[in-house]
Amino acid sequence: MARRSGTVAVAALVAVLVLLPLLRLGQVLWQESDGAPLRALGSAGLGTAGRHTLVLAVAVTLASVPVGVSLALVLRRADLPGRAFWRAAVLLPIVVPDFVLGYSWTQAYARAGFTDTLLGVSWPGLLGPVGVWLVLVVNAAPLVYLVVAVGLAARAEPDGERAARISGAGSRTALVTITLRLLLPAVAASSVLVFVLTLATFAVPQVLGAPAGFETVTTRIYADLSIGGNPASFREALTLALLLVLVTAACVAPADALLAPRLRTVRPADPQAARSVPGRPGALRAQAAVLGSYLFLTTALPLAALVLSSVTRALGVPPTPANWSLDHYRQVLTPRTLEAFGRSLGLAVVAASLLVLLGGLVAVGERSRSGRATATLVTLTLVLPGSTLAVALLLAYGRWLSGTLALILLAYLAKLWAFAHRPIAGALDRLPADELRAARVSGAGPLTAVRTVALRPLAPALLGAWLICCLTALHEVTMSSLLYGPGSETLAVVVLNSQELGRIGPTAALSVLLSLVVAVPALLLWAGAARLRTRDAVPAPEPARVG
Amino acid sequence: MTTETAGGAARKTGRGPRRRTALGAVLLLAVAACGGQSRGQEPARSLTLYTCLSDESIQPIITAFQGRDDGGHVDLFRAPTGELNARVAADARSGGLKADVIWGCDPLTVQAFVDQHLVGGWTPSDADAIPAQFRTEDYVGAHILYMVAVYRTDVPAPTSWADLAGGDYQALAVPDPSVAASALGALGWFAAEPRYGVGFYADLERAGAVQVKTPDDVTTGVAQGLYDAGITTATSAYAAKDDGSPVDVVWPEPGAVAIYGPVALATHSARSDVAKSFISFVVGADGQKVLAESGSYPTLPGVGGPPVPDGAPIVSPDWAAVGADKDAILAEYRRIFGG
């Protein structure tokens with residue numbers, strides 16, 4: 001009965017959040033192009049933009065998944081020096097909004113940036129396809145890390161690894177045959193997320209790709225919407241957006257249908273101690289050194305550039321204390337922005353909480369074939385660029401909800417559903433029915449049984465999904481700037497409307513404030529998750545070191 | 001959290017029937033709990049304004065208008081041109097345009113709305129005071145963006161546009177005319193000017209120019225030191241200079257290119273007195289003064305405004321020609337900057 005109503009609810013929400021908006025886009029396009037939507041694709045250079053987008057998505061996925069998995073495996077070691085600090089530092093790029101990422105990298109590494117000023121070394125390739133790729137990889141890696149880390153927390157089998165090592169397997173063999181094998185669902189989930197997010201990415205190619213003439217489908221859509229306001233370019237924007245949806249469907253549907261069920265295993269729900277086989281101190285120190293250098297170059301320097309910009313009175317003056325000022329913070333902290341912040345925070349919390357519920361429902365439903373189709377469906381709105389998703393929602397519901405917070409909330413739910421679903425799916429296993437039954441037989445009510453048996457191992461994944469949705473919603477700008485009305489301005493809308501987006505100082509200040517607002521509770525939550533994971537952990541006996 | 005939570009469910013009624021899906025109602029309730037704004041009775045005289053002007057420029061205008069006898073309440077939707085276009089396009093396909101007045105940042109966009117019969121058909125009777133090159137029968141220019149040269153103070157100042165391609169600069173930036181209408185206006189003017197032509201952009205490219213997306217990106221890049229000089233709007237270049245960035249501004253010969261921002265009445269609001277009063281106010285002497293004081297360049301002569309150097313040359317593109325030749329000019333331009 002409960003399952004039935006869950007299925008009905010998910011089906012209804014898929015219709016409201018995904019199908020109806022997409023169908024309205026398709027319908028408008030069909031009507032206005034006289035039944036030949038592809039004719040809307042007249043102008044030059046589209047093929048190139050499409051190729052760039054696909055190659056970029058594949059290249060970013062191929063590079064960021066190994067990086068993210070390595071981060072998760074290294075940071076899993078409790079005996080890694082400075083582990084708590086590294087675990088927080090790795091996640092920092094997630095709190096930086098996309099629209100200042102490109103800037104922070106140019107400020108760190110391009111002409112007249114940090115390295116140029118201090119060492120006389122700059123990297124011209126940053127403003128081009130390779131730069132776009134690298135920045136996207138570095139910023140996708142924390143997402144992969146998060147998905148894989150929560151997967152590890154729920155699925156790791158230290159006993160299995162120990163058994164393998166004791167039976168004579170080398171550490172590499174144990175890694176490949178036990179640890180990575182168990183991680184496959186999380187790896188698959190994060191690969192899908194990164195692939196789709198890269199298809200949809202806009203701000204980084206816009207800033208770093210433009211100087212090299214590197215166009216993608218999303219920058220093309222933005223150009224179509226920006227220039228002229230005529231129906232022909234609007235049609236082209238819609239066509240391109242729907243092509244992105246088709247490409248996503250073509251790539252993700254087979255993966256979801258064929259791969260997902262094969263990756264799962266039936267496992268007992270009891271999360272084992274996450275403590276893994278200890279490593280050699282030398283190897284650990286080397287790992288910490290590599291990790292530290294990686295984070296210094298990819299996270300610390302660009303973020304330092306951002307923080308310094310927020311306190312430096314103008315662009316292009318040296319970021320020395322003589323030039324420091326809090327003007328940018330004063331511009332950002334006004335009564336209007338504080339009111340909007342309350343609204344954004346409320347929206348983000350409501351959206352993230354609903355999303356975890358929705359994501360969990362889809363993940364649970366993946367046992368059936370139709371459930372796996374649902375998993376693919378909710379990914380389709382993730383690939384729509386914010387501008388076109390907002391247009392789709394206006395087309396579907398604008399008549400009644402235009403300018404309301406409800407429409408912005410719908411947009412967040414539609415955009416981030418897959419964001420919540422994939423991390424949960426990556427951690428979920430088919431629980432043996434016996435455990436739930438045992439709980440029921442022992443007198444637990446249905447809710448208690450689910451909470452104590454099924455939800456317990458999933459807690460880190462649920463928290464991770466909640467966190468990432470909340471963060472993304474908090475600094476979302478494209479959709480809210482298109483959907484807001486009187487009384488529903490979000491924080492980013494108020495800050496970015498006061499001045500043009502090109503003003504780096506206030507935008508940097510906003511990012512820093514958001515990072516602080518987010519980092520503190522995030523760290524608390526993360527610590528909470530770690531405690532949940534290890535509370536029941538039985539101290540494992542020191543295994544005999546073999547080989 | 002804001003303090004205004006209780007009773008926060010009363011919100012914009014919109015033009016459509018007050019029908020809500022059950023889901024919409026549930027979500028509304030959920031969101032009302034996280035801070036909405038209580039909006040009492042809609043004032044009798046109110047209008048909805050869509051604009052791409054920044055808050056810094058538009059808020060003083062709205063405040064001044066609301067304080068006038070012939071004024072009224074203004075509901076504002078402000079967004080960059082791309083988002084503004086998308087909202088208008090979505091409105092037009094879901095129950096009709098929800099704005100009574102559109103105040104755009106370039107004539108091409110507003111002309112496209114006229115061609116779709118969304119706006120136009122009325123201008124104030126005293127619009128004649130605005131120079132003829134800044135108005136048509138459907139809309140009147142209310143503010144101007146000037147495309148000028150911005151350069152770093154550690155390189156020589158250009159005096160003409162041609163100087164930018166003269167070899168004094170290692171790295172130059174131009175805004176993308178397929179994204180920013182102001183950049184397209186400049187391209188259109190250069191293309192039609194015999195001494196320049198689209199070939200001017202080829203000269204720039206050979207001199208080390210790259211294309212970035214918007215004029216603001218040009219200003220940021222030059223201020224940051226990524227580029228030595230570039231083509232951008234006077235407003236953003238002066239803002240960077242005023243902040244203290246090591247940049248300066250030149251209005252090069254034969255002239256800074258003027259891009260005007262037209263204000264137009266929505267066709268469905270043809271009988272709205274308050275919308276018409278708003279437009280009259282904005283292009284009249286009072287409104288133009290408020291605009292000038294808030295840092296935008298007004299279209300009405302003699303009102304003042306942000307700095308224009310003495311004797312600074314100014315030129316205007318032929319917008320009808322730019323609109324008609326857009327695709328051909330852009331195609332020629334793309335052969336130079338790719339993309």
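Q: What share of the 339 residues in chain B is buried?

A: Let's start with the idea: a residue is buried if 20 or more other C-beta atoms lie within 10 Å of its own, exposed if 12 or fewer, and partly exposed in between, with C-beta atoms placed from the backbone. In chain B, buried residues make up 55% of the 339 residues. This is a predicted model, in which local features need pLDDT of at least 70 and side-chain atom pairs count only at pLDDT 80 or more, while totals for chains, interfaces and linings use all residues. As for labels, residues are numbered from 1 along each chain as its sequence is written, and chains are lettered from A and ligands numbered from 1 in the order in which they are written.

Q: How many helices and strands does chain B have?

A: Helices (H or I, at least four residues) and strands (E, at least two) are DSSP runs, numbered from the N terminus. On that count, chain B comes to 12 helices and 11 strands.

Q: Which share of the contacts in chain B with a separation of 6 or more joins residues 24 or more positions apart?

A: A contact here is a pair of residues whose C-beta atoms, placed from the backbone, lie within 7 Å. For chain B, 76% of the contacts with a separation of 6 or more come from residues 24 or more positions apart.

Q: How is chain B divided into domains?

A: Domain bounds come from an automatic or database domain assignment. Chain B has domain 1 (46-143 + 259-298) and domain 2 (145-258 + 311-337). Taken over C-alpha atoms, the centres of these domains of chain B are separated by 27 Å. Where they touch, 12 residues of domain 1 of chain B are in contact with 13 residues of domain 2 of chain B. On the domain 1 side, α4 and β9 of chain B each supply at least two residues, and α4(B) gives the largest share, four residues.

Q: And what classes of residue are on that domain 1 side of chain B?

A: Ala, Val, Leu, Ile, Met, Phe, Trp, Tyr, Cys and Pro count as nonpolar, Asp, Glu, Lys and Arg as charged, and the others, Gly among them, as polar. The side of domain 1 of chain B that touches domain 2 of chain B has six nonpolar, five polar and one charged residues.

Q: How many residues does each chain bring to the contact between chain A and chain B?

A: Chain B brings 77 residues and chain A brings 63. Helix α3 (residues 81-92) of chain B gives the most to the chain B side, with 10 residues. By class, that chain B side has 30 nonpolar, 27 polar and 20 charged residues.

Q: At what angle do α14 and α17 of chain A cross?

A: Axes are lines fitted to C-alpha atoms, for helices over the stretch in contact, and angles run from 0 to 180 degrees between N-to-C directions. Helix α14 (residues 335-365) and helix α17 (residues 405-427) of chain A cross at roughly 45°, their axes coming within 7 Å. That makes α14(A) oblique to α17(A); angles under 35 degrees count as roughly parallel, over 145 as roughly antiparallel, 65 to 115 as roughly perpendicular and the rest as oblique.

Q: Is that crossing of α14(A) and α17(A) left-handed or right-handed?

A: A crossing is left-handed if the near helix is turned anticlockwise from the far one by less than a right angle, and right-handed if clockwise. For α14(A) and α17(A), the crossing is right-handed. Residues including A:L347, A:V350 and A:L354 of α14(A) meet residues including A:I408, A:Y412 and A:W417 of α17(A). This contact of α14(A) with α17(A) has 19 nonpolar, three polar and no charged residues.

Q: Which residues make the contact between α2 and α11 of chain B?

A: Helix α2 (residues 55-66) and helix α11 (residues 285-293) of chain B pack at about 145°, with axes 8 Å apart. B:S57, B:P60, B:I61 and B:A64 of α2(B) pair up with B:G287, B:V290 and B:L291 of α11(B). Five of these residues are nonpolar, two polar and none charged.

Q: What is phi of A:A112 and of B:H117?

A: Phi of A:A112 is near 65°, a positive value in a residue other than glycine. A:A112 sits in the loop between α4 (98-109) and α5 (114-119) of chain A. Phi of B:H117 is near 60°, likewise positive in a non-glycine residue. B:H117 is exposed, because it has 12 other C-beta atoms within 10 Å.

Q: Which peptide bond in chain B is cis, with omega near -5°?

A: The one from B:E253 to B:P254. B:P254 is in the loop between β8 (247-250) and β9 (256-265) of chain B.

Methods: Two residues are in contact if their C-beta atoms, placed from the backbone, lie within 7 Å.
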